[in-house]
Amino acid sequence: MSDIAANLQKIRDQIERACEISGRSPNSVQLIAVSKTFPAEAIREAAEAGQLVFGESKLQEAEPKMEGLPSKLQWHFIGRIQRNKVRKLLPLFPFLHAIDSFRLAEYTSVIAEELGLFPQVFLQVNVGGELSKGGFEPTELEAEMEKLLLLKRLEIQGLMAIPPAGPDEESARKWFIELRELRDRMEEKFGVKLPGLSMGMSADFRIAIEEGATHVRVGSAIFGGRRYRVDGELG
Ligand SMILES: *Cc1c(COP(=O)(O)O)cnc(C)c1O
C-alpha cells in the first residue's frame, strides 16, 4: 500500500472511532482530502484508494491540476474567495466553504444565476475573532442571516470555521462547540435547517467530529507536510 492509501485508511478508521464515541453514524461525516500544494499524481493515488472528494484553496493552482483528473471527483473550494475569481470558480467547484461576507454572498448568487448554477455554500465564521482570518463575526452573521437566506441561488449548507491554532488537539474543542451552538441558535431564530458544520483539520478532526462536524478538511495527515498551512499563510 502507498503512504497515501495507508494514511487514508488510518483516517477513515479514526473517523469511524470518533463517530462511535459520539454515537453518530460514520456516514454523517464527509472526509475532504485537501490536496493543495500536492500534484495531480497524489490526487490520482488517493482516488485509486477510493477517495473521491477533494479540497483546494487556490484557483490558479487547482485549475491545471483538475484538467487531467477523472470527472467523477467532487471538488470543494476551501480557500478565501476573491470576487474576481467567482465566475471561474463556480463551474469547477460545486461547494464553496468560505463565504465570508454578505457582499461576497450576494455577488456569488448573481454570478451563479448568470451561469445557471446553484452552489452549495458554507458561511465562514471567525470564531476566534482573529484579524488575520476571514469570516463573519458571530453577531454580524446573526444580523445578516435574514438577507443571506433571501439569496435564492445559494444553497446554504451551514457554517465553517478555522479556529485559532492551539497547543493541542483539545484546545480547538471550545471553538467547535461555539460554532455548533451558533448554528443551533440560527436554526431556531430563523426557522431554517443548517445541517452542515465544516470544521476540523489534520490536527483536530477527531474532536471536531465529537462536536458535530459533518465535513472535515484533512490535508497533511493524508498527503504529508506542506509549506503553507491555511488561507495561504506560511507556517
Ligand atoms: C490547508 C487547509 C486545511 C487542511 O489543513 P491540514 O492541517 O493540512 O489538514 C483545512 N482547511 C483549510 C481552510 C485549509 O486552508
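Q: Which residues are linked in a network of salt bridges here?
A: In this predicted model, the network of salt bridges links Glu170, Arg173, Arg180, Glu210 and Glu211.

Q: And how many salt bridges does the structure hold?
A: The count is 15 salt bridges. As background, side chains of opposite charge can pair when their charged atoms come close.

Q: Let's go through a few. What about lysine 65, which residue does it form a salt bridge with?
A: Lysine 65 pairs with glutamate 61, and their closest N and O atoms are 2.9 Å apart. Both residues sit in helix 3 (residues 59-67), 4 residues apart, which is about one turn of the helix.

Q: Are lysine 65 and glutamate 61 buried or exposed?
A: Lysine 65 is buried, and glutamate 61 is too.

Q: OK, and lysine 147, what's the partner there?
A: That would be glutamate 144, with 3.2 Å between the closest N and O atoms. Lysine 147 and glutamate 144 are about one helical turn from each other, because they are 3 residues apart in helix 6 (residues 138-149).

Q: How do lysine 147 and glutamate 144 count, buried or partly exposed?
A: Lysine 147 has 39% relative accessibility, so it counts as partly exposed. Glutamate 144 is at 16%, under the 20% cut-off, so glutamate 144 counts as buried.

Q: Switching to strands: how many residues of strand 4 are buried?
A: 5 of the 5 residues in strand 4 (residues 95-99) are buried, so the strand is largely enclosed by the rest of the structure.

Q: What does strand 4 pair with?
A: Strand 3 (residues 74-77) is joined to strand 4 by 2 bridges, and the two run parallel. Histidine 76 has phenylalanine 95 in strand 4 as its bridge partner. Getting from strand 3 to strand 4, the chain passes through helix 4 (residues 86-92) in a right-handed β-α-β crossover. Strand 5 (residues 120-124) also runs parallel to strand 4, with 3 bridges between them. There, leucine 96 has valine 121 of strand 5 as its bridge partner.

Q: And which helix does the chain cross through from strand 4 to strand 5?
A: Helix 5 (residues 102-115), and that β-α-β crossover is right-handed.

Q: Last one: where does serine 25 lie?
A: Serine 25 is in the loop between helix 1 (3-21) and strand 1 (30-34). Serine 25 is partly exposed, at a relative accessible area of 37%.

Technical notes. Residues are numbered from 1 along each chain as its sequence is written. This is a predicted model: local features need pLDDT of at least 70, side-chain atom pairs count only at pLDDT 80 or more; totals for chains, interfaces and linings use all residues. Side-chain values use heavy atoms; hydrogens and water are left out. Buried means under 20% relative accessible area, exposed over 50%, partly exposed in between (1.4 Å probe, protein chains only). Two strands pair if DSSP finds at least two bridges between them. A crossover is right-handed if, with the strands pointing away from the viewer, the path from the first strand over the helix to the second runs clockwise. A salt bridge is a side-chain nitrogen of Lys or Arg within 4 Å of a carboxyl oxygen of Asp or Glu.
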